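I opened my notebook to look at some charged side chains and at the strands and helices around them. Here is what I looked up, step by step.

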Amino acid sequence: MKFIRSLYLQQRLFLSLAVLVLLFVLAFSFGSLLGIAKVCFMVWLLLIFADALLLYNTKKGIGGHRLCPDRLSNGDDNTIKIELKNHYSYAAHLDIIDEIPEQFQKRDFSLSKKLKSGEHETISYKLRPARRGEYSFGALNVFVSTQLGFLSRRFRFSQDKSVPVYPSFIQMRRYELMAISSKLTELGIKRMRRLGHNREFEQIKEYVAGDDFRTINWKATARRGGLMVNKYQDERSQQVYAVIDKGRTMKMPFEQMSLLDYAINASLVISNIAIRKEDKAGLLTFQHKVQKLVPAAKRSNQMHQILEALYAEKTAYKEANYEALYVHVKRQIRQRSLLLLFTNFESLSSLERQLPYLRRLAAIHVLVVIFFKNTELYQLLHRPVNNIQDVYQKTVAEKFALEKNAMVDTLQKHGIQSVLTTPKQLSVDTINKYLELKARGAI
């Protein structure tokens, strides 16, 4: 039974059988063909037997293994590797079907490879998940056929493996490496010149040549009988919170991912950059109520805590409650902090409903409202007009585009910082805004 379950008939067998049937049919009209047809049939049976013998003359004909990361990065190309080795004494043709997770909806995924005897080969392919959660791989199926190609034998490896998909740690590492090597400009991050001074007191020390006379501490000088100066250092360890709206408006899709997932990926990136800049990073998520708060810190395991918190975030498709957000922030975040609010407003009236709470937040913290352009509308604006329907569509698109710009003006009029961006540019524009505020000494 095991032999039968692993044996598969190839297309070449059915084609050759069709030729034999045709020969026997023609033999009814041409009697001389009957002998040839019988000989061909016997040869055909011998070839099938020889093919089966070659395939099953060893128990371990092919070795195989899937190499999959312990976790996948959401929204990124993740490399999956397959290791194969041919233990047969002849070159074998391999058809590889990996049972990838159902979330990818790839029903026709297959790879082909030819391996010489004793050859070891690693082949790879990429998967781009579009949402977080558990992804389950099935078996790695390798179908082996000989040069005869009548039959194939199936081998199964690496069965039933579950892999979690986390927020984009690949993107986080890319920005981190660029920040360390001072090459963030290659990703579109602007260089910000620091304006003025934002310094905090460190200690009192004895005056040495070259110290600024303006920092002389006259009281300490009088007590010690020698010139003493105040020593300052650039102010560090400001609190930076990524505040994520998980309401129903954040479930809008863009290139298979939701706006919520883009916001989660950008929050992971900006939190890591903030810690690299000696600031404290924290996280707050909300919809009808505040659901997750990771207090701002820069300890060694802070990014791990933020990553784990973001992995589990889901939406209940409810309306975002900004009043609950304001009350929670006022009670729990006492130190003046930078709040990067990732949200989405589709109309000016929806923004104006929440404006009183945004103004109260901006009065006690540095608030930056980050929301999204409707990229499909912007594509519609640049589409040529061919008929009256196109005119109507373009007019509506212009109205919505102007309304988005009106939201920026409304926030600015009330002293609230804002970033209007596309999902693709979200991380870059968020980092640029953070660096701008750092350079201006606003935080």
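Entry one. I began with a network of salt bridges that links Lys-433, Glu-436 and Arg-440. Keep in mind that this is a predicted model. Between Arg-440 and Glu-436, the closest N and O atoms are 3.0 Å apart. I looked up how accessible both are: Arg-440 is partly exposed at 41%, and Glu-436 is partly exposed at 25%.

Entry two. I wanted the total, and the structure holds 12 salt bridges. One of them joins Arg-248 to Glu-319, with 2.8 Å between the closest N and O atoms. Arg-248 sits in the loop between strand 14 and strand 15, and Glu-319 in the loop between helix 7 and helix 8, so this pair ties together parts 71 residues apart in sequence.

Next came Lys-404 and Glu-346, a salt bridge with the closest N and O atoms 3.6 Å apart. Lys-404 belongs to helix 11 and Glu-346 to the loop between strand 19 and helix 9, so parts 58 residues apart in sequence are tied together. Is Lys-404 buried or exposed? At 4% relative accessibility, Lys-404 is buried, whereas Glu-346 is partly exposed at 28%.

Strands 14 and 19 run parallel, joined by 6 bridges.

Definitions and conventions
Residues are numbered from 1 along each chain as its sequence is written. This is a predicted model: local features need pLDDT of at least 70, side-chain atom pairs count only at pLDDT 80 or more; totals for chains, interfaces and linings use all residues. Side-chain values use heavy atoms; hydrogens and water are left out. Two strands pair if DSSP finds at least two bridges between them. Helices (H or I, at least four residues) and strands (E, at least two) are DSSP runs, numbered from the N terminus. A salt bridge is a side-chain nitrogen of Lys or Arg within 4 Å of a carboxyl oxygen of Asp or Glu. Buried means under 20% relative accessible area, exposed over 50%, partly exposed in between (1.4 Å probe, protein chains only).
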